[in-house]
Amino acid sequence: MEYKTPTQSRTILTDMVLPSETNPLNNLFGGELLARMDRAASIAARRHSRKITVTASVNHVAFNRSIPLGSVVTVEAKVSRAFKTSMEVFLDVWIEDRESGEREKANEAIYTFVAVDESGKPVKIPAINPETDLEKERYEGALRRKQLSLVLAGKMNPNDATELKALFQ
Ligand SMILES: CC(C)(COP(=O)(O)OP(=O)(O)OC[C@H]1O[C@@H](n2cnc3c(N)ncnc32)[C@H](O)[C@@H]1OP(=O)(O)O)[C@@H](O)C(=O)NCCC(=O)NCCS
């Protein structure tokens, strides 16, 4: 079986927050951040699979911090686990202090992408070999997040979600 590391899919998008992208409080509009994250995650999924990839679900988004107008925002995406045809992409969002240049974590999200052929049919992808402690932690949790996403989408019977059920036992 072919393996790749999360680093091989690492994708970084850095851009400013412009006035047209803000809400009435002059902070970044949530939908704009979702679009940026979707783009970064899509590139990471493509780098991992070297196939056409489509967004299957947005599993989790935490808007922990608002991001003010003029901020420099960096979205970092990496494939955290690959299954047969689908993969989980973890996103970390950072903002940069104008004076010190230091980065502060603002938000995070988890997307699921599926690799497909020209007709949209799911195709097999390489597995993931996590290296760092954080990559291993995200890899470990990915199966229960996949099961939760499938249960919520009505694509899996909760009784079959063994990994997810184990959390509550
Ligand atoms: C995503 C898509 C290809 C899945 O098709 P499908 O008929 O459900 O295919 P399958 O049942 O074979 O599922 C394929 C994989 O996706 C996973 N999957 C499907 N829906 C999922 C969901 N909601 N959450 C997590 N994983 C999901 C399946 O578990 C399977 O994973 P695996 O092969 O790694 O085990 C199909 O629904 C699609 O094309 N959707 C539209 C995508 C799109 O246009 N996105 C942009 C929206 S604007």
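## Ground rules

Helices (H or I, at least four residues) and strands (E, at least two) are DSSP runs here, numbered from the N terminus. By that definition, E104 sits in strand β6. The model is predicted, with local features needing pLDDT of at least 70 and side-chain atom pairs counting only at pLDDT 80 or more, while totals for chains, interfaces and linings use all residues. Residues are numbered from 1 along each chain as its sequence is written.

## The sheet

Let's start with the strands. An open sheet is formed by 5 strands, in the order β2-β4-β5-β6-β3, with antiparallel pairing; two strands count as paired if DSSP finds at least two bridges between them. At the edges are β2 (11-16) and β3 (52-62), each of which pairs on one side only. From one strand to the next, the twist averages 25°; the axes behind such angles are lines fitted to C-alpha atoms, for helices over the stretch in contact, and angles run from 0 to 180 degrees between N-to-C directions.

Now for the individual pairings. Strands β4 (residues 72-82) and β5 (residues 86-96) run antiparallel and are joined by 10 bridges, and A77 stands opposite L91 in β5. β5 pairs with β6 over 11 bridges, again in the antiparallel sense, with W94 opposite K105 in β6.

Contact means that the C-beta atoms of two residues, placed from the backbone, lie within 7 Å. Helix α2 (residues 133-152) lies across β3, β4, β5 and β6, and runs at about 75° to β4.

A residue is buried if 20 or more other C-beta atoms lie within 10 Å of its own, exposed if 12 or fewer, and partly exposed in between, with C-beta atoms placed from the backbone.

## Positive phi in the loops

N26 lies in the loop between β2 and α1. Its phi is near 65°, a positive value in a residue other than glycine. With 12 C-beta neighbours inside 10 Å, N26 counts as exposed.

R50 follows α1 and belongs to the loop between α1 and β3. Although R50 is not a glycine, it has a positive phi of about 55°. R50 is exposed, with 11 other C-beta atoms within 10 Å.

Is A56, with 21 other C-beta atoms within 10 Å, buried or exposed? That number makes A56 buried. A56 lies in strand β3 and touches S86, T112, F113 and V114, not counting residues up to four places away in sequence. A56 and N27 are 29 residues apart in sequence and 28 Å apart in space, C-alpha to C-alpha.

E104, back in β6, is exposed, with 10 other C-beta atoms within 10 Å. Leaving aside its neighbours within four places in sequence, E104 is in contact with W94, I95 and D97. E104 and Q147 are 43 residues apart in sequence and 31 Å apart in space, C-alpha to C-alpha.

## Ligand surroundings and annotation

Around the ligand there are 18 residues, of which F83, K84, T85, S86 and S149 come nearest; a residue is near a molecule or strand if its C-beta atom, placed from the backbone, lies within 6 Å of it. The elements giving two or more residues to this shell are β3, β6 and α2. The largest share, 4 residues, comes from β3.

Finally, the record: UniProt places the feature "domain: HotDog ACOT-type" (unreviewed entry) at residues 7-119. UniProt positions are given in the numbering used here, feature names are shortened, and annotations may be inferred rather than shown by experiment. Residues 7-119 have end C-alpha atoms 29 Å apart, and the span is 18% helix and 47% strand.
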